[in-house]
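The stops below tell you what to select and what to look for.

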Amino acid sequence: MFAKLLIANRGEIACRIMRTARRLGIPTVAVYSDADRDALHVDMADEAVRIGPAAASQSYLDIAKIVAAAKETGADAIHPGYGFLSENAAFARALAKAGIVFVGPNVKAIEAMGDKIESKKLAAKAKVSTVPGHLGVIKDAKEAAKIADEIGYPVMIKASAGGGGKGMRIAYSRKEVEEGFNSSKSEAKSSFGDDRVFVEKYIEEPRHIEIQVLGDKHGNVIHLGERECSIQRRNQKVVEEAPSPFIDDKTRAAMGAEAVSLAKAVGYDTAGTVEFIVDKNRNFYFLEMNTRLQVEHPVTELVTGLDLVEAMLRVAAGEKLKLKQKDVKLEGSAIEARIYAEDPVRNFMPSTGRLIRYKPPREGTTVDGITTRLDSGVVEGGEISVYYDPMIAKLVTHAPTRLQAIEHMGEALDAFAIDGFRHNIPFLSVLMRNNRWREGRLCTKFIAEEFPGGFKPPLPTGDERDAIVAIAATIDHMSNQRRRAITQQMHGEPVQFAEVRIIEIADAAERVTVAGDVEGPFTVIFEGGGKTINLASNWWFGDPVWKGTIDGKPAFVQIRPILNGYDIIYEGVEVPVRVLTEREAELAALMLVKEKADTSKFLLCPMPGTVVSLAVDVGQDVRAGDTLCVVEAMKMENVLKAERDGKVSKVLAKPGDSLNVDAVILEFA
Ligand code: ADP
């Protein structure tokens, strides 16, 4: 085994790799940029080397600096994680030259699969089914339109060097091809320094299903079943699972055999992923091969019981795969939810800020065989910056059945407290309760179809609303009692159990009384109708998560104090709740309410980013749908379009400006 392992990455994946290295007794070296000085992966490693400023191009992507860090610390192997240099052939070559083992595939495999056009040609040769399309570089928008006409609409325009959904456009018409071609080309150029673009048929209602393969340096390749990754937004995965609810044994065996045959064709010798899209008739087509450890690898680990990082280290050290295909057993069902710093309400735009609170759910396995795993790369107090991927952590659950894994994921999400910026936990929590998701009727447009017009935070209704009212009432009751009882001091007036509280929630109010001692259990009695709710919990002041039972049903509810009440988050419903006495309610009704500022006359920057171009000028009339401005954030070009007709009265930003979220770009008359 290796004497020392350097991890050329950051965040959750660097931490995850270190955990396995530690278990195997291999000392670890972290590398970090100035932005990551206090990061968790630096803390976890046995040694850490600073490799440069925040910008990835000058740190995590700088091959010379990483090689120097390995030499300096005596690391004889480097695991690249995913992203950054993980699929960079020049990096693998530089390591070979320096006598350092690259914990990844051979250079030839990286090169063959690194290019979407070339890998498709190779796949076709290895008798792997590919998406119908044009396997060549396209010169200009005219040629693209001609090819698209031949393939038939809709088509997908893709960057050959693409990854992470960048440089990809769907086009339903000739006009959209011409538009999409140029933006795809420029996005490809700015993201990958390579502007080759091609066109293929867009498969409708597709599911994204991929096969995990594992090879060694002795010519053995096996597959570890599939992962379904159809829950995507902006063509990027957010929730993944294994096994796929759509794949039967026969299809799994056929996909697995094609994946293994492709891997063998390039002498594949580590963990890798062959991605397919699958149509509604279970026809599958090769998309691309990722020659690295994949973000969503934990779901495969949980259903196979294997540690893929360990397997990668062992085969990199020259060991033979011990496992045979027939020994691979898939057990139970695993779900992964990616926790992102992004605003689900604003089309999942990345968000930045400081993690002022970070309290994840508890990890481990219960007696019923339900596992919670958290792969996280952050600590409370850390910063989510614009420099890197906004993924904070991955929450993974495993259970005997898919529904149990989903149920448990819902609870774990509700128990996950993160404050300091917008994140997607409320969205994920609502998703876990979505019937179509629970039934496994998926396709890559699932989010777009189930949340038309974007994700709108659900309003409190029915039993959930009453539960929220009851919790607010009991917490207020507890705090009233506590305020009057200080140890070793004379007590004030005891709380009147029958005192009415007015609970204001979402423009309505409920009159309730609470019965119970300071530590519960409590009964909340609703006036009129006489409904009662019983609550039991060990919750105590300061805890952001209320864990207990509501009428006997286990629940996790988030509590944040606000003026005269609490912000309560339950099953993705987030609502401010005010708790008032009758007299307070009478007076509160007389208070003026601060009106929200009218921002409809402005085009605001939806995320922190850089202005790439402005499409309009002062005095110009615009129609709804017209392009106004292009803003780049985290290497994605976001086209901002007019929401309604109007006339531009002021232009307040220019190309190259770096803007904060909500900065005014344009003003309309
Ligand atoms: P990237 O490497 O940028 O992630 P992929 O080629 O893996 O790009 O595609 C990402 C996602 O885009 C897929 O999961 C799928 O949802 C969608 N997609 C890609 N190609 C097609 C296609 N031809 N038809 C339909 N959907 C596609």
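Start by colouring the chain by domain. This is a predicted model, and its domain assignment gives domain 1 (5-103), domain 2 (132-201), domain 3 (208-450), domain 4 (462-484 + 496-588) and domain 5 (602-668).

Next, select domain 2 and domain 5 together. Their centres, taken over C-alpha atoms, are 25 Å apart. Where the two meet, five residues of domain 2 are in contact with five residues of domain 5. Between them, domain 2 and domain 5 bury about 470 Å², and 44% of that area is on carbon and sulfur atoms.

How many salt bridges cross the interface of domain 2 and domain 5? The count is zero.

Last, select the cysteines. The model has zero disulfides by the distance rule, which asks for sulfur atoms within 2.5 Å.

Zoom in on Cys-443. Its closest cysteine sulfur is in Cys-229, 14 Å away, so the two are too far apart for a bond. Cys-443 is buried, at 3% relative accessible area.

Then move to Cys-629. Buried or exposed? Cys-629 is buried, with 0% relative accessibility. The closest cysteine sulfur to that of Cys-629 is in Cys-605, and because the distance is 7.3 Å, it is too far for a bond.

Notes:
Residues are numbered from 1 along each chain as its sequence is written. This is a predicted model: local features need pLDDT of at least 70, side-chain atom pairs count only at pLDDT 80 or more; totals for chains, interfaces and linings use all residues. Side-chain values use heavy atoms; hydrogens and water are left out. Buried means under 20% relative accessible area, exposed over 50%, partly exposed in between (1.4 Å probe, protein chains only). Domain bounds come from an automatic or database domain assignment. Contact means heavy atoms within 4.5 Å. Buried area is the accessible area (1.4 Å probe) that two parts lose on being put together, summed over both. A salt bridge is a side-chain nitrogen of Lys or Arg within 4 Å of a carboxyl oxygen of Asp or Glu.
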